[in-house]
Amino acid sequence: MGYTALYREWRPQSFEEVVGQKQVTITLKNQIRSSRIAHAYLLCGTRGTGKTTIAKILSKAVNCLNLKDGEPCNECEMCKKINAGTAIDVVEMDAASHRGIDRMRDIIEDVQYPPRESKYKVYIIDEVHMLTMEAVNAFLKTLEEPPKNVIFILATTDPQRLPITILSRCQRFNFTRIKSDEILGRLRKIVTEQGVFADDNSLSLISRMSDGAMRDAVSIL
């Protein structure tokens, strides 16, 4: 088995495991428990604060076959496929690499077809502020009124660059920089379970160096 980067190996698989974003995870769990799921979410915040992680967890939660108090079970067929990146109804796109109108037209056409194996089709579009204005304009109508079994999750580190037409169509969540003591607690859990010795001074230094980004902290570790 090939090497897996530590931050990928320790990426949270449930809302409960996410560190430092309680204001986001509690709200999303309540929405899922009450079946009041929005059709479009906008996740805003600096790098490494959990935007893509929560997008993946949300995509599992809405499609989980054995939901437990708003949390994905991570054991059913759908959860396993999403974790492995093989679920055909969960599409991830990096807008920094696919920012033009042609890729957006593909998505607009694809949303018209029902999910093939899950309850919801989920489109996760990272760094959405990188889309060209032509792609944004083509996307607006679909974003405002997608089919009922489609969810868009948009993530950005720079929401100021998004037009108001995008902002007004999404339920927005602002991610905060993670506190050093919360990062320290996560790092301590990782080294303990990995069986690696690390003193508190070393982990505390890493926590401060990461500038509120959990991914950076785990990468440095």
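**Reading a five-stranded sheet**

Guide: In this predicted model, 5 strands form an open sheet. Their order is β2-β3-β4-β1-β5, and the pairing is parallel.

Visitor: Which strands are the edge strands?

Guide: Look for strands that pair on one side only. Here they are β2 and β5 (171-174). From one strand to the next, the twist averages 15°.

Visitor: How many bridges join β3 to β4?

Guide: Take the pairs one by one. β3 and strand β4 (residues 150-156) are joined by 5 bridges and run parallel. Tyrosine 123 has phenylalanine 152 as its bridge partner in β4. On the way from β3 to β4 the chain passes through helix α6 (residues 133-144), and this β-α-β crossover is right-handed.

Visitor: And how does strand β2 pair with β3?

Guide: Strand β2 (residues 90-94) pairs with β3 in the parallel sense, over 5 bridges. Valine 91 stands opposite tyrosine 123. Helix α5 (residues 101-110) lies on the chain path from β2 to β3, again a right-handed β-α-β crossover. Another bridge pair here is aspartate 94 with aspartate 126 of β3.

Visitor: What about the pairing of β1?

Guide: β1 is joined to β4 by 5 bridges and to β5 by 4 bridges. Both pairings are parallel. Follow cysteine 44. Its opposite residue in β4 is threonine 156, and its bridge partner in β5 is asparagine 174.

Visitor: Why is β1 described as largely enclosed?

Guide: Count its buried residues, meaning those under 20% relative accessible area. In β1, 5 of the 5 residues are buried, so the strand is largely enclosed by the rest of the structure. Strand β3 (residues 121-126) is also largely enclosed, because 5 of its 6 residues are buried.

Visitor: Which way do the side chains of β1 point?

Guide: Start with the general rule. Side chains in a regular strand alternate between the two faces of the sheet. In β1, Ala40, Leu42 and Cys44 point one way. Tyr41 and Leu43 point the other way, and all of these are buried.

Visitor: Which residues have the most contacts inside the largest nonpolar core?

Guide: The general idea is simple. Nonpolar side chains tend to be buried together in soluble globular proteins. The largest nonpolar core here has 29 residues, and Phe15, Leu28, Tyr41, Leu58, Val122 and Ile153 have the most contacts inside it. At least two core residues come from each of α2 (22-33), β1 (40-44), α3 (51-61), α4 (77-84), β3 and β4. The largest share, 5 residues, is from α3. There is also a second, separate core of 25 residues, which includes Met93, Met104, Ile108 and Cys170.

Visitor: What does tyrosine 41 touch?

Guide: Set aside residues up to four places away in sequence. Tyrosine 41 then touches, among others, Leu28, Leu58, Ile153 and Phe173. Its list also includes Gln31, Cys170 and Gln171.

Visitor: Now a loop residue. Is histidine 129 buried or exposed?

Guide: First place it in the chain. Histidine 129 is in the loop between β3 and α6. The cut-off for buried is under 20% relative accessible area. Histidine 129 has 9%, so this residue is buried.

Visitor: Which residues is histidine 129 in contact with?

Guide: Beyond its neighbours within four places in sequence, histidine 129 is in contact with Thr156, Thr157, Asp158, Arg161 and Leu162. With threonine 156 there is a side-chain polar contact of 2.7 Å. Threonine 156 is also the residue of β4 that stands opposite cysteine 44.

Methods: Residues numbered from 1 in each chain as written. Predicted model: local features only at pLDDT ≥ 70, side-chain atom pairs only at ≥ 80, totals over all residues. Heavy atoms only, no water. Buried < 20%, exposed > 50% of the residue type's maximum accessible area, 1.4 Å probe, protein only. Pairing = 2+ DSSP bridges. Right-handed = clockwise from strand over helix to strand, strands pointing away. Axes fitted to C-alpha atoms, helices over the stretch in contact; angles between N-to-C directions. Core = buried A, V, L, I, M, F, W, Y, C linked by side-chain atoms within 4.5 Å. Contact = heavy atoms within 4.5 Å. Polar contact = N/O pair within 3.5 Å; in protein donor to acceptor, adjacent residues only side chain to side chain.
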